[in-house]
Amino acid sequence: MYSLDAKNTLRLKAKDLKNIFHDQLDALYGKEEVSSFFYLSIEHHLKIARIQLLLEPEFTLTKNETDVFFSILEDLKQQKPIQYILGETEFYGLTFKVNENVLIPRPETEELVDWILKSYEYRVMSSEPSNLKSSIVNRQLKILDIGTGSGCIAITLAKHLPEAKVFAVDISESALKIAQENAEANNVNIQFIKSDALNLEDEDFCPIAKDISQIQEGLFDIIVSNPPYVRKLEKQEMKLNVLDNEPHLALFVENENPLVFYNAISDFAVNNLRESGALYFEINQYLGNEMKDLLTHKGFENVELRKDLSGNDRMVKGIKK
Ligand SMILES: C[S@@+](CC[C@H](N)C(=O)[O-])C[C@H]1O[C@@H](n2cnc3c(N)ncnc32)[C@H](O)[C@@H]1O
């Protein structure tokens with residue numbers, strides 16, 4: 001099962017290490033998930049694809065590599081998310097650095113980004129040969145992501161809409177640091193701003209208000225946000241590995257005012273979206289109708305609620321009149 005090298009240190013074959021992972025983790029996570037953790041770790045640390053490992057069953061790790069895998073095993077036993085253990089994750093085909101200061105990007109957020117990208121492409125394609133096409137293509141789109149965290153939304157939009165000028169806001173300096181690193185690693189230019197989403201228009205409090213006033217009125221074509229939306233009363237539904245590891249600043253709102261961010265951001269959007277500009281939100285699955293009402297009440301048109309792939313109300317869009 002194992003061999004000793006010249007210095008009498010332990011070296012394990014990858015297949016034996018995999019068995020140790022299964023022995024110690026299957027009861028906690030299930031066999032399939034443990035396999036996935038193991039191969040993700042192999043790919044990340046050894047740059048070896050799963051298929052390559054299957055073709056080389058005798059592949060043996062060095063002592064240092066073996067140590068790294070035992071440390072991963074310990075972290076997994078403590079239910080630390082694999083994305084934090086490896087320090088990165090994938091979102092919409094791009095790689096993002098993550099740590100305990102940022103929420104781990106979720107698949108439902110990829111769906112929100114996909115909605116935005118598809119709507120934009122649709123507008124460009126379907127408008128031909130009207131003036132709309134040339135006006136959109138020739139104008140630099142301005143996009144604002146509020147509560148950017150790892151930067152996954154802003155960076156993915158910037159990557160796929162290279163002509164756009166993208167701004168991103170978060171109140172957490174440590175999150176903004178990771179987001180900036182992710183923008184550089186993904187080769188996009190984003191203006192990151194430390195601001196409070198609940199006071200976006202207060203110039204003394206919030207630098208974005210000054211930035212906005214320097215650019216022309218009706219600044220943004222798209223405002224998007226995945227703000228904190230989990231009510232504290234929903235804590236008991238959440239997995240322990242989320243509760244114990246992910247930043248509560250990114251997750252929770254008070255039970256009595258669960259739409260606090262949506263209210264503030266919608267008000268900001270009313271004043272700072274161009275005519276026909278779009279506001280997109282990821283939302284709490286239990287508050288879909290409340291969100292539709294909120295946007296309609298604020299005067300948005302074509303308010304549309306969408307479900308995620310699991311069938312939960314998860315995103316909403318409104319168009320500024
Ligand atoms: C649900 S996370 C979303 C992160 C990322 N956009 C994503 O989709 O994975 C919410 C983000 O809002 C930020 N946030 C919390 N309170 C805020 C506030 N008052 N002003 C601005 N950002 C805030 C958190 O730091 C966190 O990064």
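## Two helices side by side

Let's start with helix α1 (residues 14–29), which packs against α4 at an angle of about 15°, the two axes lying 11 Å apart. An axis here is a line fitted to C-alpha atoms, for helices over the stretch in contact, and angles run from 0 to 180 degrees between N-to-C directions. That angle makes α1 roughly parallel to α4. The cut-offs go like this: under 35 degrees is roughly parallel, over 145 roughly antiparallel, 65 to 115 roughly perpendicular, and the rest oblique.

On the α1 side, the contact is made by Leu17, Phe21, Gln24 and Leu25, and on the α4 side by Phe69, Leu73, Leu76 and Lys77. (Two residues are in contact if their C-beta atoms, placed from the backbone, lie within 7 Å.) Sorted by class, that gives six nonpolar residues, one polar and one charged. Ala, Val, Leu, Ile, Met, Phe, Trp, Tyr, Cys and Pro count as nonpolar, Asp, Glu, Lys and Arg as charged, and the others, Gly among them, as polar.

## What you are looking at

This is a predicted model, where local features need pLDDT of at least 70 and side-chain atom pairs count only at pLDDT 80 or more, while totals for chains, interfaces and linings use all residues. Residues are numbered from 1 along each chain as its sequence is written.

The protein has 14 helices and 13 strands. Both are DSSP runs numbered from the N terminus: helices are H or I with at least four residues, strands are E with at least two. Of its 321 residues, 34% count as buried. Buried means 20 or more other C-beta atoms within 10 Å of a residue's own, exposed means 12 or fewer, and partly exposed is in between, with C-beta atoms placed from the backbone. Among contacts with a separation of 6 or more, 61% join residues 24 or more positions apart.

The axes of α2 and α4 come within 11 Å and cross at roughly 140°. That makes α2 oblique to α4.

From α2, the residues involved are Phe37, Ser41, His45 and Leu46, and they meet Glu65, Val68, Phe69, Ile72 and Leu76 of α4. By class, this contact has six nonpolar, two polar and one charged residues.

## Around the ligand

The ligand has 22 residues around it, and Gly147, Gly149, Ile171, Ala197 and Ala250 come nearest. To count as near, a residue needs its C-beta atom, placed from the backbone, within 6 Å of the molecule or strand. By class, the shell holds 13 nonpolar, seven polar and two charged residues. At least two shell residues each come from α8 (152–160), β6 (165–170) and α12 (248–251).

## A few residues to look up

Lys47 isn't a glycine, yet its phi is positive, about 55°. Ser276 sits in strand β11 (residues 273–282), and is partly exposed, with 13 other C-beta atoms within 10 Å.

Glu56 is partly exposed, since 13 other C-beta atoms lie within 10 Å. Glu56 and Ala14 are 42 residues apart in sequence, and their C-alpha atoms are 9.3 Å apart in space.
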